[in-house]
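Here is a short report on selected features of one protein model. Please read it with the structure open.

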Amino acid sequence: MHPHFQQADELSHSVIGAAIEVHRTLGPGLMEGIYEKCLAHELTLLGLSVVAQQQVDIHYKDISFSETLRCDLLVENCLLVELKCVQEIVPVHKAQVHTYMKLLNAPLGLLFNFYTEKLTDGLQRLMLPGANRAE
C-alpha cells in the first residue's frame with residue numbers, strides 16, 4: 001500500500017465537500033482559475049496545506065531538472081486535485097492527472113469538471129495502480 005494512501009483517501013472527503021461548496025456558491029461555467037483560487041481558499045479555511053502549480057524534479061536517464069507543473073492543487077502533499085471546466089472529460093484529462101500523480105508521488109487524485117450542473121456528476125477519483133493494496 002502507498003504510505004500516504006490512507007491520508008489521501010480521508011482527505012478526499014473534505015476536498016469533495018469543499019469543491020461542492022465552491023460550485024454551489026459560484027455555479028458552473030466560470031474559468032478554471034477562478035475555481036482553483038476559491039477551492040484553495042476553502043481548503044485553507046479547513047486548515048489544510050495546499051500548493052498550487054507544484055514545483056517538481058524530473059529525472060530522465062542522465063539528466064535532472066526542476067519544472068513547474070501545471071497541476072492545479074496538491075493537498076497535504078498527498079492528494080492531487082485537477083480542475084476542469086469543459087463540456088466533457090476526455091481520456092487525455094485522466095492521463096494528465098495520472099502523470100501528475102506519478103511525478104508527485106500522490107497515490108490519489110480528484111478530477112473535477114466544474115462545467116456540470118451538479119458537481120458530483122463531474123467528479124472522477126483516480127488512483128495510482130496498487131496504491132491501495134498491501135504488498
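## Helix 2: length and faces

At 1.5 Å a residue, the 14 residues of helix 2 should span 20 Å, and its end C-alpha atoms are 20 Å apart, which agrees. The expected span is 1.5 Å times one less than the number of residues. Helices (H or I, at least four residues) and strands (E, at least two) are DSSP runs, numbered from the N terminus.

Which residues of helix 2 are buried? They are Tyr35, Glu36, Leu39, Ala40 and Leu43. Seen down the helix axis, these buried residues fall within an arc of 130°, so they line one face of helix 2. The arc is that of the directions from the helix axis to the C-beta atoms. Buried means under 20% relative accessible area, exposed over 50%, and partly exposed in between (1.4 Å probe, protein chains only).

## Basis of the model

This is a predicted model, in which local features need pLDDT of at least 70, side-chain atom pairs count only at pLDDT 80 or more, and totals for chains, interfaces and linings use all residues. Residues are numbered from 1 along each chain as its sequence is written, and side-chain values use heavy atoms, with hydrogens and water left out.

## Helix 2: surroundings

The buried residues of helix 2 pack against helix 1 (5-26), strand 1 (50-52), strand 4 (73-75) and strand 5. The face turned away from the buried side carries the exposed residues Lys37 and Leu45. Glycine 47 follows helix 2 and has a positive phi, near 85°.

Lysine 37 sits in helix 2 (residues 32-45). It counts as exposed because its relative accessibility is 65%. Lysine 37 and aspartate 72 are 35 residues apart in sequence, yet 9.3 Å apart in space, C-alpha to C-alpha.

## Valine 86

Valine 86 lies in the loop between strand 5 (79-84) and helix 3 (91-104). Buried or partly exposed? Valine 86 is partly exposed, with a relative accessible area of 22%.

Leaving aside neighbours within four places in sequence, valine 86 is in contact (heavy atoms within 4.5 Å) with Glu32, His93, Asn113 and Tyr115. Valine 86 and threonine 116 are 30 residues apart in sequence and 8.4 Å apart in space, C-alpha to C-alpha.

## Leucine 30

Leucine 30 is in the loop between helix 1 and helix 2. Its relative accessible area is 32%, so leucine 30 is partly exposed.
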